[in-house]
Amino acid sequence: MTTTYSETLHQGYGQRFDVEEVLFEQQTDSWHLVIFRNPIYGTVMALDGIIQTTERDEFVYHEMLTHVPLLAHGNAKRVLIIGGGDGGILREVCRHESVEHVTQVEIDQSVIEMCKTYLPNHSAGAFDDPRTNIVIADGMEYVHQTDDKFDVIISDCTDPVGPGEVLFSSRFYEGCKNLLTEGGVFVAQNGVPFLQQDEVITTRRRLSPYFADQSFYTAAVPTYIGGVMALAWGSDNPALRQLDLATLTARYQASGIKTRYYNPQVHQGCFALPQYLLDALETA
């Protein structure tokens, strides 16, 4: 009999994975983490009934959460990552040779070590990059205590339940805004709006006091079911969201980066939002 894992993020609807082998499992008073092998998606990591990342489709999420803000900015030297213990965002940031320094703030060192062991291709050696500074700390506390400044801030956090909830708060967004250099960009994962519409409305309201231009862009990540995923965008420069294709293409080619999902055409088109999402955001 085949063992299965069922995601429970949405009440009344979900997805099921065949489990070939459980690689790691830990249950505490606060959470349940499991890493297993699936015949379609390879290694899968799930936390409290919610799929966090898979070996097969992680590149979509990590490329879009990284290359869109970095290439829109055009001259990012210092990058801050909040969360992202699997190392996927760090891997993509480090592919930009123009980036001189990247700080990653992860609350739990064991998450990094676990992902190095079971999902090594996510980080692909990026934790050892000399430009990388790993800080084991609470993300909320860090953004309000550090004096460092960054050109791009990427919040790669879990869904807004439990410990990850504070990383969707007004106080967190305020802290991030204060760390950005002039013309800087803040981005964050923001769920699947077809099924989590309240999240994007709340985020829009909470971002608006701190960023002159706040919106969302989208990416189609197969295991984040329910339609396209929304990625939050905050900047004081509206022009960064409206770059022409020639500029994006020139920056992409100059970077020398080879991608599997991201390209300049996808970049330009990802800010075009479906009407149901535009209608929902009008209420914000």
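**Strands, salt bridges and a pocket**

Mentor: In this predicted model, 7 of the 7 residues of β13 are buried, so β13 is largely enclosed by the rest of the structure.

Trainee: Which residues of β13 point the other way from M229, L231, W233 and S235?

Mentor: The residues of β13 are divided between two directions, and all of them are buried, whichever way they point. With M229, L231, W233 and S235 pointing one way, the residues that point the other way are A230, A232 and G234.

Trainee: How many bridges join strand β12 to β13?

Mentor: β13 has an antiparallel partner in strand β11 (residues 180-189), with which it pairs over 5 bridges, and there V187 stands opposite W233. Strand β12 (residues 213-219) also runs antiparallel to β13, and in that pairing Y217 has L231 as its bridge partner. The number of bridges that join β12 to β13 is 7.

Trainee: Which strands are the edge strands of the open sheet of 4 strands?

Mentor: This open sheet has the order β3-β4-β5-β6, with antiparallel pairing. From one strand to the next the twist averages 20°.

Trainee: Which residue in β4 does E25 stand opposite?

Mentor: Strand β3 (residues 21-27) and strand β4 (residues 32-38) pair in the antiparallel sense over 6 bridges. The two strands form a hairpin, with 4 residues between them. Within this pairing, the residue of β4 that E25 stands opposite is V34.

Trainee: Which residue in β6 does M45 stand opposite?

Mentor: Here we turn to strand β5 (residues 42-47), which pairs with β6 in the antiparallel sense over 4 bridges. In β6, the residue standing opposite M45 is T53.

Trainee: How far apart in space are Q26 and L47, C-alpha to C-alpha?

Mentor: Q26 lies in strand β3 and is partly exposed, with a relative accessible area of 33%. Along the sequence, Q26 and L47 are 21 residues apart. In space, their C-alpha to C-alpha distance is 9.8 Å.

Trainee: Why does the salt bridge between D148 and R78 tie together parts that are 70 residues apart in sequence?

Mentor: The side chains of D148 and R78 meet at 3.9 Å, N to O, which falls within the 4 Å that a salt bridge requires. Both residues are partly exposed, D148 with a relative accessible area of 31% and R78 with one of 28%. The pair ties together these parts because D148 lies in the loop between α5 (139-145) and β10 (150-156), while R78 lies in strand β7 (residues 78-83).

Trainee: In which helix does K177, the salt-bridge partner of D236, lie?

Mentor: D236 and K177 form a salt bridge in which the closest N and O atoms are 2.9 Å apart. D236 lies in the loop between β13 (229-235) and α8, so its pairing with K177 ties together parts that are 59 residues apart in sequence. D236 is partly exposed at 41% relative accessible area, and K177 also counts as partly exposed, at 23%. The helix in which K177 lies is α6 (residues 170-179).

Trainee: Is E92 buried or exposed?

Mentor: E92 forms a salt bridge with R95, and the closest N and O atoms of the two are 2.9 Å apart. E58, R91, E92 and R95 are linked in a network of salt bridges, and a search of the whole structure finds 10 salt bridges. R95 counts as partly exposed at 29% relative accessibility, whereas E92, at 2%, falls under the 20% cut-off and counts as buried.

Trainee: Which helix gives the most to the lining of the second largest pocket?

Mentor: The second largest pocket has a volume of about 200 Å³, and its lining has 5 nonpolar, 5 polar and 2 charged residues. Among the lining residues are L70, H96, E97 and R251. Both α1 (58-73) and α8 (245-255) supply at least two residues each to this lining. With 3 residues, the helix that gives the most is α8.

Conventions. Residues numbered from 1 in each chain as written. Predicted model: local features only at pLDDT ≥ 70, side-chain atom pairs only at ≥ 80, totals over all residues. Heavy atoms only, no water. 1 Å grid on protein atoms, 1.4 Å probe; cavity = no way out; pocket = protein on both sides within 12 Å on 5 of 7 lines; lining within 4 Å. Points joined across faces, edges and corners; volume = space filled by probe spheres on them. Nonpolar A, V, L, I, M, F, W, Y, C, P; charged D, E, K, R; others polar. Pairing = 2+ DSSP bridges. Buried < 20%, exposed > 50% of the residue type's maximum accessible area, 1.4 Å probe, protein only. Axes fitted to C-alpha atoms, helices over the stretch in contact; angles between N-to-C directions.
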